[in-house]
Amino acid sequence: QALASSSFSPNLTSLDMSFNHIGDAGMQAFASSSNFPNLTSLDVSFNQIAGAGGQALAASSFFPNLTFLNVSCNCIGDAGLQALAAFSFFPNLTSLSVSDNQIGAAGMQALASSSFSPNLTSLDMSFNHIGDAGMQAFASSSNFPNLTSLDVSFNQIAGAGGQALAASSFFPNLTFLNVSCNCIGDAGLQALAAFSFFPNLTSLSVSDNQIGAAGMQALASSS
């Protein structure tokens, strides 16, 4: 709150507040501050921020120049991500991490249907529980044409979600895809192998996905 109310460094472009315990009260105070107009990078991960803090940040119009935002390892939940998706106060955001935030399908569906940040190139949704419904919603969204990096590991995604992602033509610029620690199985990898919608992909992780010989054979025979 003291930092939020001060003007000690109006030219600050990067602020790392990670691994503290500012909570909702601290986040709400900072979100209401107009003292950091030049901020481009903000890391508030691991800070015990819940829905109220996440919603306050999302509704703040004081950080129009943000390009990097890390809110991972908090508890913003569906409500926090729905708020981020509902507002368009981060037009220049290129990297967003909301990993490990108790986000489910509803949050991912809200993000998928929004155009809050058309310039986003990197999205980390790992360690949530979006499931097949969330993955299917995001896979059918055309709102992220510039995405190059997507991490949806540890998200309870099964075959249907994996197949929906594989069949999506909305992410032609992806170079990094992490679907590890889900349950896409042979069907999911077979679908990835059958389609060619990721021509620029250079890194793929499908670790711990209950994939057997059939999935590996499909990948081996694909081009």
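Ser117 lies in the loop between helix H5 and strand E5 (122-124). Helices (H or I, at least four residues) and strands (E, at least two) are DSSP runs, numbered from the N terminus. The model is predicted, so local features need pLDDT of at least 70 and side-chain atom pairs count only at pLDDT 80 or more, whereas totals for chains, interfaces and linings use all residues. Residues are numbered from 1 along each chain as its sequence is written, and side-chain values use heavy atoms, with hydrogens and water left out.

Ser117 is buried, with a relative accessible area of 1%. Buried means under 20% relative accessible area, exposed means over 50%, and partly exposed is in between (1.4 Å probe, protein chains only). Leaving aside neighbours within four places in sequence, Ser117 is in contact with Phe90, Leu93 and Phe144. Contact here means heavy atoms within 4.5 Å.

Ala112 belongs to helix H5. This alanine, Ala112, is buried at a relative accessible area of 7%. Neighbours within four places in sequence aside, Ala112 is in contact with Ala137, Phe138, Ser141, Asn143 and Phe144. The C-alpha atoms of Ala112 and Gln136 are 9.5 Å apart in space, and the two residues are 24 apart in sequence.

Other residues of H5 are buried too: Gly107, Met108, Ala110 and Leu111 are listed with Ala112. The buried residues of H5 pack against H4, E5 and H6.

The pairing of H4 with H5 was examined next. Their axes are 8 Å apart and the packing angle is about 5 degrees. Axes are lines fitted to C-alpha atoms, for helices over the stretch in contact, and angles run from 0 to 180 degrees between N-to-C directions. H4 is therefore roughly parallel to H5. Angles under 35 degrees count as roughly parallel, over 145 as roughly antiparallel, 65 to 115 as roughly perpendicular and the rest as oblique. H4 contributes Asp78, Leu81, Gln82 and Ala85 to the contact, and H5 contributes Ala106, Gly107, Met108, Ala110 and Leu111. By class, this contact has six nonpolar, two polar and one charged residues. Ala, Val, Leu, Ile, Met, Phe, Trp, Tyr, Cys and Pro count as nonpolar, Asp, Glu, Lys and Arg as charged, and the others, Gly among them, as polar.

Helix H4 spans residues 77-86, and its buried residues are Gly77, Gly80, Leu81, Ala83, Leu84 and Ala85. The cover over these buried residues includes H3 and helix H5 (105-112).

Helix H2 (residues 23-31) and helix H3 (residues 51-58) also pack together, with axes that come within 8 Å and cross at roughly 10 degrees. H2 and H3 are therefore roughly parallel to each other. On H2 the contact is made by Asp24, Met27, Gln28 and Ala31, and on H3 by Gly51, Ala52, Gly53, Ala56 and Leu57. The contact of H2 with H3 has five nonpolar, three polar and one charged residues.

Aromatic pairs were counted by ring position. Rings of Phe, Tyr and Trp (its six-membered ring) pair if their centres lie within 6.5 Å; planes under 30 degrees apart count as stacked, over 60 as edge-to-face and the rest as tilted. The count comes to eight aromatic pairs. The rings of Phe138 and Phe171 have centres 5.3 Å apart and planes at 10 degrees, so this pair is stacked. The pair links distant parts of the chain, 33 residues apart: Phe138 is in helix H6 (residues 131-139), and Phe171 is in the loop between helix H7 (159-166) and strand E7 (176-178). Phe138 and Phe171 are both buried. Elsewhere, Phe30, Phe36 and Phe63 form one aromatic cluster.

A disulfide is a pair of cysteine sulfur atoms within 2.5 Å. The count of disulfides is zero. The sulfur of Cys75 is 9.6 Å from the closest cysteine sulfur, in Cys73, too far for a bond. Cys75 is partly exposed, at 36% relative accessibility. For Cys181, the closest cysteine sulfur is in Cys183, at 9.6 Å, also too far for a bond.

Backbone angles were considered last. Most residues other than glycine have a negative phi. Gln102 has a positive phi, near 60 degrees, and is in the loop between strand E4 (95-97) and H5. Asp208 also has a positive phi, near 55 degrees. Asp208 is in the loop between strand E8 (203-205) and helix H9 (213-220). Asp208 is exposed, with a relative accessible area of 55%.
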